[in-house]
Amino acid sequence: MVHSEDCSIIFRIKGILEFVCLLDDSNDAQCTISKTFQGLNSKVSSKNLVFTVSNSAVLIWPNNTFQSSMDSLTDTSTCGDILKYIEADNSESKKSSKKKDRKNSGPNVVNMKLLFEVTEPAGNGAPNLYTVIRQQHFVRMPLPMDCILSVTSNESLANACNVLVESLRKQLSDMEEVVIRCRKGSSLLVPQPFHFQLPEPTGLTTVIYPAGVPDSQLQGVREDLHKKFELPGDRPCLRRANAFRFPDEAYKDGYLRNPHVHLNPPNIDNAKLYLVQGVYSYHHYMQDRVNDDGWGCAYRSLQTIFSWFRQQGYAEMAVPTHTQIQQALVDVGDKEPNFFGSRQWIGSFEVQAVLNHLLGVTSKIMFVSHGSELASKGRELSNHFQTEGTPIMIGGGVLAHTILGVAWSEITGQIRFLILDPHYTGGEDLQIIIDKGWCGWKGPEFWDQNAYYNLCLPQRFKTI
Amino acid sequence: MGRSYIVEEAVEKYLCELQTPPGSCVTGLLVGQSSPQRDFVVLAVQTPHRESEGPAKASTRGSPLDDIDVEWVTEHARQVSRMLPGGLSILGLFLVTPPELSKDAQNTLKRLIFAVDKYITKGRLWELTEEDVTDRVTLHICSNTKKAVCRTFDVKDPKSSAKPADWKYQTSVLSSWPMLTCSVELDVHIPVTESASNSTEKCIQDGLRKWAKQIEAGHCLINGKRAFDDSEFISGQKKNPKITQRQTLPARILVSEEQPEVDERSSAQIQVCNVSARVQGVVHCRAYIHNNKPKARHAAQAIKRDIINTVSCRVEMFLEDLLISEGRQKGPCSGRQALPRRVFVPAPCSGLSLCDYMFPDESTGDVAERLKEMLDWDTPETDIDITLETNHLFCSEGIDSHGDSSKHFTSEVGTPKIQKAPQYYAGVAVAAAVALLATATSLLYFNE
C-alpha cells in the first residue's frame, strides 16, 4: 500500500460544482463552455465558499479572511489543530495483531466537503425571471471536484486552505481543457479527477481523465504525462487502477488486499526480503459462492495473479471465474470442450496458458524435480521479485500455492518463503488468516521433499 | 388526549366583535404555529364578502351553510397563506352560525378544512415530514351565545373524525417569539420543454423543486451554531415575561450541489428545450419560532421552508398573472422580467409582521388595498416596508430579443436604482443594450 512518507496530514476536499450552459448551433460552443468555467472559477473564489470538515462541526470560510465556526480555529492555527475536532470514524476497525513493529499506518486524512453559503449575498435585488425563447440544448453536468494537499501538522491552516482554493481553481482549468478536448457536438464528457502517488519530488498529483473513455484510448495522454513527470516508460503509473488509495477508503469488492504487510518478517541472520511489488487481492476456496474445496487451489492462485495485473494497471478485464478460466483453456485448444464445467485440477502450464490468452502475459516456468531443491532457488526467486515483482504460482504434489516473496541470505543460503495459501475456506478475516498462517512465512520443509514442482513466474510486459 | 391551542387574546376580541348578519354564517381562518406538544393561534381573519354575489341569492336556497362558497373560502385561504412568513400557517377555520345550524356545523367545517388544506398545499415544493402536525382546528361559534366548540381533524386521513381539543386564551402569546431572518441569493437554471403532459408552469416548478431540495438538505446556522438537532436553539434566553423586545436572529444557510439520487453518468445530461428560464436574485426571508422550548432543527426547518415558499410563491403569482393577462398561448416572453417582490407589513395589534408581494407596476397603495380586502386591516402606506427587497428594473412589456442572445446569462445584476423609467436597462452589455433599446421602444408603441 502506497502512502506518502514525509507528510503527516492529507487534506482532501471533495464536492460537486454544477456546470450548466446552453448550447445551440449558432453560438460558439467552446466559448460558452469557457465562460461557464469562468463563472465557476468566480464562484470558487468568492467569499461564499465554505469548507466543512467531515465528522466534525468545523466550518471554514477560506476566502473570507479565514472565518471559521470554531472560535479557537483562527488564521494563526496550524493544520494539526484541526485534528482534535474530528471524531474518529470507527466503522471499519483494522484488526491486525502483528503490527507491533509497524509505525503508524500512514498519514491522517482530513476529509472536507465543498459548500456554498447562499445567505449574506452581495446585493439585495429581488429576483427576476430571465427567459430565452430559442431551441437549445440545455447541458447540465455535475463536476466531481476532488483536490488533495499534503501538509505537515505545524503548517498554517489558513495557508493550507488558500492552497486548496487555488487547487480547486486549477482543477477547474484542467477540467475545462479535458471537456473541450473531448467534446463531440453538444455531448460533453464528465471530467474525473484521479490522484497518483508519484515518486518524489512530484509526490501526490492529480490528473483529469474523461469519464467513459477506457484507459486504452488514453495512451497519448499518458505518454505526455510520463514525459512530463519523468516516469519510467515501461510500466503503468497513471492508469486509473494505479490511483492512490486513501488510508480511509475501503475496497468495495470485499477481498483482502496485501495481507502479508501485517506479518513480522522471519528472523534469520543476514537475510534480505524480496517481496511482491504493488497490490494483489487474496483469492481462496469458497469465495464468490463457488465451492471449489479440494480442486480449485490453482484456479485461486491464478485469480490472485490476475488481480495483481489488474491492480497494477496492466489490464482492465475483471478477474475470471473458474468457468471463464476453463473456457479460456478450451478456446486455446489446451483442453477438450468437456473440461468446461468440470472440477478438474489445473497446473502451472494451464496458469501460464490462461495468463497468455486473456492478458497477453508471458510467464517463465521453473521446474524442480524434488521439493528439496526449492531451498537452493534463492537467487532465482529473489531476482524474480526484484525485477518482475509478480506473485508466483507453484504447483506440485497435490497442492498449489502462491509465493509472494522470499527472505534469503546470500551468504548462508538460508531461505524462507512467503506463502499465500488458497486452501483457506473461511471468511475475509485478517486476524484468522494471519494467526493461523494462511498467509505466512514457511521454511523449506513446507514443500513435499520428494515431489516435483512447477513454478509459473509471470513476466511484466512493457506498457504504460 | 386531544391537542391544546394557546390562543392570543386579540383573537378572542376579534371573534367577539365579528358582525354576523342574523340567520347567516361567517367563516374565517385561524393562523398560527403547530408544535408537537401544543399549538398556538395568533391571528383570526374573516373570509371577506365576495362582491360578485348578489344580495338576493341567499334566501331562496336551503340552509345558509350550503351558501358558503367553498371555492372562495379556499381561495382566500391561499391568498392569506402566501402572506404568512415562515413558522406560521393556516391552522384551521372558524365558523359562526346561528343556534339552529349548530349541529350541522361540524360537517361543514370538516368539508371546508379538508378543501382548504388540499388547496393551499398544491404547488408546495417541500414535503411534510413525520413530525409535522397534520391536525387542523375547527372552531364553531354560536352567534347567540358566543360559545365556542373546538375540534380537530387530521387532514392526512380523509376518514378522520372530530377530536376534542382545548382552546385557551392568553395574553402576549407572540410578543416574545424570536424571529429568524436571512437574505438568500438564488440562481436557478430551468429548461422548459413544453409537451402535452408538461406545461411551462410544471417545468418551472420541477426545476425549482431541485433547488428546493438543496435548500432543505442544506446546513443552517443560527447565531453561528449549526441548527440540526433536538437541542434548544436559544440557549440562555430567560423566560422572562417582562421581555417585550423580540429577538431577531440571523440565519445562515450553506448548501451543497450534490444530488445523491442522480446516477453517475459519464456524460453531461442534455435536454433539448425551446425555452430556458432562469430565476436569479435575492429574497428576504423570515420565520417566527414559538418560545416553548423550541428545537434547533425545527427552527432551521421553518426558515428553510420560508425560503422555498417565497420563491415558489412569487413565481406562481407571476405565471398566474401572465395567464390572466395574456391567455394560455403565451408563456413568459423573452428577456428579463421582474418577479413580484416581497414587502412586509406590521399587524395592527400584535408585533407580528406579515408579507405581501408587489408587482412591478404596483404601488404601496395597491398593497394597502389588498391588505384591507384580505385581512381587513387598515394599514397606513408608510408602514409598508418595501426596502428589504429592492426594486429592480423591470420590463413588464414583452421584449423579444433578436440577434445575439448569448448575453442573456450575464452574471451581473445591475446596481439597484429605484427608478421606474422602463427605458433604463442596467447590467446589459452595451452592444446588446442598443439593440434592445431600439426594439423596446418600437414595441412600446405596438402592443402585442
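## A quick tour of chains A and B

Let's start with one link between the chains: Glu117(A) forms a salt bridge with Arg252(B), and their closest N and O atoms are 2.8 Å apart. (A salt bridge here is a side-chain nitrogen of Lys or Arg within 4 Å of a carboxyl oxygen of Asp or Glu.) The model is predicted, so local features need pLDDT of at least 70 and side-chain atom pairs count only at pLDDT 80 or more, while totals for chains, interfaces and linings use all residues. Residues are numbered from 1 along each chain as its sequence is written, chains are lettered from A and ligands numbered from 1 in the order in which they are written, and side-chain values use heavy atoms, with hydrogens and water left out.

**Where the two chains meet**

- Between chain B and chain A, the count is three salt bridges.
- There are also 22 residue pairs in polar contact between chain B and chain A, both residues being at pLDDT 80 or more. (A polar contact is a pair of N or O atoms within 3.5 Å; within protein, one must be able to donate a hydrogen and the other to accept it, and residues adjacent in sequence count only if both atoms are side-chain atoms.)
- On the chain B side, the elements giving two or more residues are strand 9 (179-192), helix 5 (200-217), strand 10 (219-222), strand 12 (248-255), strand 13 (269-288), helix 6 (296-326) and strand 14 (335-338) of chain B. (Helices, H or I with at least four residues, and strands, E with at least two, are DSSP runs numbered from the N terminus.)
- Strand 13 of chain B gives the largest share of that side, 15 residues.
- Sorted by class, the side of chain B that touches chain A has 27 nonpolar, 21 polar and 12 charged residues. (Ala, Val, Leu, Ile, Met, Phe, Trp, Tyr, Cys and Pro count as nonpolar, Asp, Glu, Lys and Arg as charged, and the others, Gly among them, as polar.)
- In total, 60 residues of chain B are in contact with 48 residues of chain A. (Contact means heavy atoms within 4.5 Å.)
- Chain B and chain A bury about 5000 Å² between them, with 56% of it on carbon and sulfur atoms. (Buried area is the accessible area, with a 1.4 Å probe, that two parts lose on being put together, summed over both.)
- Arg252(B), Leu254(B) and Glu257(B) supply 13% of the area that chain B buries against chain A, more than any other three residues.

**The nonpolar cores**

- In soluble globular proteins, nonpolar side chains tend to be buried together.
- The largest nonpolar core has 64 residues, and Phe11(A), Leu17(A), Phe19(A), Phe51(A), Leu143(A) and Leu238(A) touch the most other members. (A nonpolar core is a set of buried Ala, Val, Leu, Ile, Met, Phe, Trp, Tyr and Cys residues joined through side-chain atoms within 4.5 Å; buried means under 20% relative accessible area, exposed over 50%, and partly exposed in between, with a 1.4 Å probe and protein chains only.)
- Elements giving two or more residues to this core include strand 1 (9-23), strand 6 (128-151) and helix 2 (157-181) of chain A.
- Helix 2 of chain A gives the largest share of this core, 12 residues.
- Leaving aside neighbours within four places in sequence, Phe11(A) has contacts that include Cys79(A), Met112(A), Leu149(A) and Leu164(A).
- A second, separate core of 62 residues includes Tyr285(A), Ala298(A), Phe385(A) and Trp408(A).

**A look inside chain B**

- Chain B has eight helices and 16 strands, and 50% of its 448 residues count as buried.
- Of the contacts in chain B with a separation of 6 or more, 76% are between residues 24 or more positions apart.
- Ala300(B) sits in helix 6 of chain B and counts as buried because its relative accessibility is 3%.
- Not counting residues up to four places away in sequence, Ala300(B) touches Cys220(B), Ile222(B) and Ala227(B).
- Ala300(B) and Arg226(B) are 74 residues apart in sequence but 9.0 Å apart in space, C-alpha to C-alpha.

**More salt bridges**

- Over all chains, the whole structure has 39 salt bridges.
- Lys170(A) forms a salt bridge with Asp174(A), with the closest N and O atoms 2.9 Å apart.
- Lys170(A) and Asp174(A) are separated by about one helical turn, because they are four residues apart in helix 2 of chain A.
- Arg78(B) forms a salt bridge with Glu75(B), the closest N and O atoms being 3.8 Å apart, and both residues are buried.
- Asp132(B) pairs with Arg305(B) in a salt bridge whose closest N and O atoms are 2.8 Å apart.
- Asp132(B) lies in the loop between helix 4 (102-121) and strand 5 (135-142) of chain B and Arg305(B) in helix 6 of chain B, so this pair ties together parts 173 residues apart in sequence.
- Salt bridges that share partners join Glu75(B), Arg78(B), Arg82(B), Glu316(B) and Glu320(B) into one network.
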